[in-house]
Structure formats: C-alpha cells, structure tokens
Amino acid sequence: MVKVTEGEIRKACSAPTDPLQFSHRSGTRSALPEMSVDDILAEIQRAADLPFVDSITLPAQAYTSQEFFDWEVENVFRKEWLCLAHVSQIPEIGDFMNVDLLGEPLLVIRDKSGDIQIHSRVCPHRGMDIMPPGFGHDGHHPAEARDGKADCGHTRLLLCPYHSWTFELDGKLKACAEMQEARGFNRDEWGLKTYRSEVWNGFIFVNLDGDAPKSVAEQYEGLGKHLERWNLADMELVMAREWDCPFNWKVLTENFMESYHHAGAHSKTLQPMMPAKDTWTEQEKAHYIKCHLPLKPAIRDEIAAMEGRGEQWDTFPPIPDVTGEDRFEWGLFLGFPMFKFLVTADCAIWYRTQPLGPDRIKLTTTMLVPKSSVKHPDFDAMLEKGIGQAVSFHLEDMEVCMAVQRGYYSSGYQRGRLSHLEMPIWMIQRYLAARSRGTWPTLDREPAASQRPDLEFIGSPA
Ligand code: FES
Ligand SMILES: [Fe+2]
C-alpha cells in the first residue's frame, strides 16, 4: 500500500461521518436493506454455528445498525468488564483520569487509602458533570489538570463547580452549604455513584451494570498465568495517543486479532518479521482469545547473533523473565469484549476502546514498558523509536479499517469466506452469539481446538 502519513489519516478520520459523502434516499447512509436486531442476531448465530472451515463474515448491518449497536451496549458492553486505565497513569493518592464510556462520564481515581475507585462524575445534587471541559484551569478548583489536559490530573477533593458540593476522593459527600432546611436530608446518603471496579495485572476495569458473574481475575485466569513473567502491574504506561475512528468496534477488534493481513496491509512492516502464515490461535476459551505471532527463523538468528555480541535487537531492553518461545513471538490477546493487548519481549501494547456509535469509536493506543526500562540512560531515544514503529503499523491498520467500514455501506458488500488465519473472527462471532444466548462460548458448546496443540503450553479451556 502507498504509505500514508499520520496527518492524512487524522484528516480522513475527522471527515463527515458518511465516508462516501452521500446521503441515501431512505435517509439511512446504507444502500443495504434494513435488518432487525433479531435478524442480525439470527445471522450471527448461524455464522457462529458453522464449522470453522465453513466460516463466513457477518452481515454488514452488524457493523452499521444503530439498533444493533444499542443491543451491544446493553447486552455486551454494560454487562462485561471494560478496561479504562493502567495503574501507572494514577500512581499517587488523588491522581485521577476522566473517561467517558458509553455515555457515562466516569472518574478513575486513587483514594486516600491508595485504592482505585471508579465514580460517576454526575453530581447527585442537580446532575452536573463535576469536571466539565476546562475545569481546573482557572485556579479556583482543587483539581489541577495534568499536562494541560482536562481529563487527568491531581486533586485533594472533588468539587462540583455548580453549587460547590464537595466530595471526598472515595465519593462521599463531605460538605454542602445551605441544605439544612431540606427535610430529612442526610449527607451520608448523597455521595457520587461508585461503579464496580477491579484492578487486574495493573489494568483497571469497570463493570457498568455491576452484575458480571465472575471477577476479572477469575475470567482471565489462564491469561493471568501466561502474563506473570511480564509483571504488567509494575510496568509504566509511556505512550497514549488518541484516535477518532470512523468505524465499528468490531472492525478494529477483528483487525487487531487476525494476522492474515500482515501479508497485505503490513507487507513492509510486520510481515517481514512475523509472516502471516506462521500465526496461530489457541484453543477457544470462554472469556478470551490468545494468538501467537512467531518471529521468523532468520530474525531469531539475528537476535541470537546480536545478543552474542552484547548488542540489543529489541527497541527496549528485553524483559529477562520472558524466555522460551515467548522471547521470539508477539502474544496477542482479546479479553472479551474489548480488552485488546499484545506483549512482546520488551513491552506491552494496549488499545483502549470507547465505542461511540455503530461507526465511530474513540481509540487510545498505548505502550507500556518495565519501570527499569524507563530508567535506562537511552530511554528517550528508545521511546521515540518504539512510538515511531507502533504508529507506523497502526496507520496501516487505520487505513484498512476505514476502508472496510466504507464497504459495509455498499450494495456491493458480500458475505465473505474466512481464511484459517482468521480464526479469531469466527471466535468473536461465537462470543457474540453466546452473549445473545445469555452465556459465553465454551460454557454451552465444545471449545474449538487449538491450531497448534503441539505448541500450546498454558491456559485452561475454562
Ligand atoms: S449540581 Fe453539583 S452542586 Fe449543584
Ligand atoms: Fe494490523
């Protein structure tokens, strides 16, 4: 593909939502017939029930329908654990981040006991967002915005700017003037709403409806075992770049998880290191997908030769505990529904996803490295190189994702067939189908077998 620049991609992303610059007669942007949510779900179930060798793509409406997106919000996103931040982003008591998720203004904060909590920013008095855009910049707010950004910073108290109700970091109402005549008013009953949250391997998750049947640690137990050697909780997030993406969350998720496209979109960047044909997917699990992207033998030899000369092949110092096959591959994970991350021998990359509608997401691409790497005297140069590489292959992904979403609005869209290198796409279909049945894949179906049972060494079929 022709190399595009970051500026070109960002300009294309911020173009009017209709990627074809065309309003369809019917008032919808799609030339395809409308499908009801039930019809879309039936098609997802049908695709999910096909043996993998017969697998097909979903109807385009699964990526364009507002009604189906609303179904996903209620039946998938609000019910599941969603990842919002990493502990290194709020290391001190009083550090906070504002994150808007599915229409919920949230505040991720480290309270006075050092615990992390996730509160609603909606004031229990009259409903104001207690940290509206621009707060903290006039010097009259206890919160100091960090790096000139209103979405993260440090504070001693939480103050609603409207009538100055003041909350502790744990959300309890601390002070509210002139409420003595409100009959039966009890300050203890009027704190900020706090959502169910959990920190797992340093990542901070929220469960919006509060009823997720398992903890994050339980559902990602197999993942947790695998990731121990990376010590993710002790890493530091060293890059966060936001992207306004004009495509459905599944377009990004499928693209993130299948490595067939190394041969096309990444033919000059990732394919020479990790050829598509060598990538493979582990046995199906209830709550996550794990894929392996091995480095090709010539690269392994190059690493060995360089390390033999005392030189460093990786961008950052390799993590000493990451040995064996893990040293020579990228590990790619999807914690259902949207926890996308990958680990390499020297860093981790996490994609935070905030769906905004059927064809729009806010994406934050991040990079995490061990704290010891940050202290390296050459760290700044390493980081610049690492960001350059990560952004370069991400731009290639952005370009194809935008173009795929355009295809979904066309009468020329056909349900396609999947390569054996796209097993995660079929597994995501099986996940959505299971959620529509009120369960998870493998709890009421046989797990799909690993593509390389000879190499699969960790993880349970749970
Ligand atoms: S709305 Fe927050 S104090 Fe009134
Ligand atoms: Fe990609």
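Q: Which element gives the most to the lining of the second largest pocket?
A: In this predicted model, α9 gives the most to that lining, with six residues. Helices are DSSP runs of H or I with at least four residues, strands are runs of E with at least two, and both are numbered from the N terminus. At least two lining residues are also supplied by each of β15 (329–335) and α9 (379–408).

Q: What makes a space a pocket or a cavity?
A: On a 1 Å grid over the protein atoms alone, a cavity is a set of points where a 1.4 Å probe fits but cannot get out, whereas a pocket is an open set with protein on both sides within 12 Å along at least five of seven lines; a residue belongs to the lining if it has an atom within 4 Å of a point. The volume of the second largest pocket is about 430 Å³. Its lining has 24 residues, and M273, W313, T315, W330 and Q389 are the closest to its centre.

Q: How is the lining of the second largest pocket divided by class?
A: Ala, Val, Leu, Ile, Met, Phe, Trp, Tyr, Cys and Pro count as nonpolar, Asp, Glu, Lys and Arg as charged, and the others, Gly among them, as polar. On that basis the lining has 13 nonpolar, six polar and five charged residues.

Q: Which residues lie closest to the centre of the largest pocket, and which elements line it?
A: The largest pocket holds about 580 Å³ of space. Its lining is made by 24 residues, of which Q89, K149, C152, L237 and A240 are the closest to the centre. Two or more lining residues come from each of β2 (95–101), β6 (149–154), β12 (235–245), β17 (348–357) and β18 (360–370), and β12 gives the most, with seven. By class, this lining has ten nonpolar, five polar and nine charged residues. At least three of its residues are drawn from each of domain 1 (6–80 + 233–436) and domain 2 (82–199), with bounds that come from an automatic or database domain assignment.

Q: How many cavities does the structure hold, and what lines the largest cavity?
A: There are six cavities of 30 Å³ or more. About 160 Å³ of space lies in the largest cavity, which is lined by 17 residues, with F256, L270, L342, F393 and D397 closest to its centre. Elements that give two or more residues to this lining are α6 (249–257), β15, β17 and α9, and the largest share, three residues, is from α6.

Q: Why are H262 and V343 called buried?
A: Buried means under 20% relative accessible area, with exposed over 50% and partly exposed in between (1.4 Å probe, protein chains only). H262, in the loop between α6 and β13 (280–281), has 3% relative accessibility and therefore counts as buried. V343, in strand β16 (residues 339–343), has 1% and is therefore buried too.

Q: What does V343 touch?
A: Contact means heavy atoms within 4.5 Å. Not counting residues up to four places away in sequence, V343 touches L227, W230, L232, E329, W330, G331, F333 and A348.

Conventions
Residues numbered from 1 in each chain as written. Chains lettered and ligands numbered in written order. Predicted model: local features only at pLDDT ≥ 70, side-chain atom pairs only at ≥ 80, totals over all residues. Heavy atoms only, no water. Points joined across faces, edges and corners; volume = space filled by probe spheres on them.
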